[in-house]
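Hello,

Here is the structure for you to look over. My notes follow below it.

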Amino acid sequence: MLRFIAGRGVQMALSLWAALTVIFIAVTQLPGDPVRALFGFKPPPPEIYAAVRAQFHLDEPLWQQYLLYLRSVLTGDLGNSYPLNPRGTATVGAAVTDTLASTIPVSAVLLAGALLFQIAVGILAGALSASKRARVTGPAVYAVALLLVSTPVLVAAYTLRTVFGSQLRWLPVSGIFAGAESYVLSILALSALATGYVILLTRSEVQETLAAPYIQAAHGHGLAPALILRKHALRPSLIPVVAFITGNIG
């Protein structure tokens, strides 16, 4: 187990290093002058231009810039934002780490809410629709799941905002000042597509498990169908579902 975890850790580190390297190469090879772009329409004086280039280490060799870039990322020094200023002054913005820190709590709530919705609604609906007794609700749930997986997140967000935010005015469409209600539309839009996949995957896996011989044996022993579905069919069917949800966190 420790060897497996160590191997996965090495793979993760190599993947992160490769991603950072590709980003660095792509950004440095793009056409244009990033320092010149900071000053908008008015060219900066030569001495200020040289000072900003030295501040960003753009006057140093590319390999040295790469090493400084890796060091800054690993130490958490992401610098400051530099908003475009058309008046010709490079105004220093807020620290990038402060900007990220202010958005992480909101993102964490959205992520947790979307995951809980996928697990609660997706697995429950998929399992119930797979039962042979769900002759009416099963096809209906299947149709809804197909609709969800066919709807892009942006379309779902626009529809939810228009219907429940603008027309019915049940929920706020922006901001987080209304408490828990502020997150409802965002969580629904974020989780709609993945919930459809969870429903379809759970339904398919449970249907396949219900046809297994040991399930027929459980029916022969007189166990209740609800108990068989919950304890004997759903548990082994959740392995690929959990794998999908875990991979979807990114």
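Is Arg 169 buried, partly exposed or exposed? Arg 169 is exposed, because its relative accessibility is 68%. The classes are these: buried is under 20% relative accessible area, exposed is over 50%, and partly exposed is in between (1.4 Å probe, protein chains only).

Before the rest, some ground rules. This is a predicted model, in which local features need pLDDT of at least 70 and side-chain atom pairs count only at pLDDT 80 or more, while totals for chains, interfaces and linings use all residues. Residues are numbered from 1 along each chain as its sequence is written, and side-chain values use heavy atoms, with hydrogens and water left out.

**Loops**

Arg 169 sits in the loop between H7 and H8. Helices here are DSSP runs (H or I, at least four residues), numbered from the N terminus. Arg 169 is not a glycine, yet its phi is positive, at about 60°.

Ser 174 is also found in the loop between helix H7 (153-167) and H8. Ser 174 has a relative accessible area of 60%, so it is exposed. Its C-alpha atom is separated by 9.4 Å from that of Arg 161, 13 residues apart along the chain.

His 57 is in the loop between helix H3 (46-55) and helix H4 (62-75). His 57 has a positive phi of about 60° and is not a glycine. With 31% relative accessibility, His 57 counts as partly exposed.

**Helix H5**

H5 covers residues 96-130. Its 35 residues should span 51 Å at 1.5 Å a residue, and its end C-alpha atoms are 48 Å apart, which agrees. The expected span is 1.5 Å times one less than the number of residues.

H5 bends by about 35° at Ile 104. Pro 105, a proline, follows within four residues. The bend is the angle between axes fitted to the seven residues ending at a residue and the seven starting there.

The buried residues of H5 include Gly 113, Ala 114, Leu 115, Gln 118 and Gly 122. Among the elements covering the buried residues of H5 are helix H6 (137-149), helix H8 (181-210) and helix H10 (225-247).

Look at Gln 118 in particular. Gln 118 counts as buried because its relative accessibility is 3%. Leaving out residues up to four places away in sequence, Gln 118 touches Ile 123, Ser 191, Ala 194, Thr 195, Val 198, Ile 245 and Asn 248. Contact means heavy atoms within 4.5 Å.

**Other helices**

Val 35 belongs to helix H2 (residues 34-37). At 1% relative accessibility, Val 35 is buried. Beyond its neighbours within four places in sequence, Val 35 is in contact with Tyr 49, Val 52, Arg 53 and Leu 58. Val 35 and Thr 99 are 64 residues apart in sequence, and 21 Å apart in space, C-alpha to C-alpha.

Ala 217 is in helix H9 (residues 213-220). Its relative accessible area is 37%, so Ala 217 is partly exposed.

Phe 4 lies in helix H1 (residues 2-29).

Best wishes

Methods: Helix = DSSP H or I, 4+ residues; strand = E, 2+ residues; numbered from the N terminus.
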